[in-house]
Amino acid sequence: MSSLHRKVVEIELLPLVWVLLSCVIGLGISFSGTMCRDVLSATSFDVLGNCNKYLTLAFNSIVLGSSTTPLSLFGVLLALTGGALYSPAGGLLVSRLTAKKKD
């Protein structure tokens, strides 16, 4: 038996299940993102992405007990809030520029 074959045979089942489950979830996230892009505007999709990051931070802090400092958490939240505020403002700017070109 070759060393590669021996290592493949020695793989435990539970870690393999977690890796495969992670792949399936990642594929599902990718497909749902593609479907959201078909339904939402670019600005709405960007805002949705920023909201997703807030939920990820909350999950990381509450459920996983992240060891982030309050200062680093404040910095991340400030950056995400800036991005969330920029998205609608950018869309508003584009719509105003488009309206001026039509006039």
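In which helix does Leu 20 lie? Leu 20 is part of helix α2, residues 13-39 (helices are DSSP runs of H or I with at least four residues, numbered from the N terminus). The model is predicted, so local features need pLDDT of at least 70 and side-chain atom pairs pLDDT 80 or more, whereas totals for chains, interfaces and linings use all residues. Residues are numbered from 1 along each chain as its sequence is written, and side-chain values use heavy atoms, without hydrogens and water.

Leu 20 has a relative accessible area of 49% and is therefore partly exposed (buried is under 20%, exposed over 50%, partly exposed in between, with a 1.4 Å probe and protein chains only). In helix α4, residues 70-102, Gly 82 is also partly exposed, at 37% relative accessibility.

The largest pocket holds about 220 Å³ of space. A pocket is an open set of points on a 1 Å grid over the protein atoms alone, where a 1.4 Å probe fits, with protein on both sides within 12 Å along at least five of seven lines; lining residues have an atom within 4 Å of a point. The volume is the space filled by probe spheres set on the points, which are joined across faces, edges and corners. Helices α2 and α3 (42-62) each give two or more residues to the lining, and α2 gives the most, with six. Among the lining residues are Ile 29, Cys 36, Phe 45 and Asn 52.
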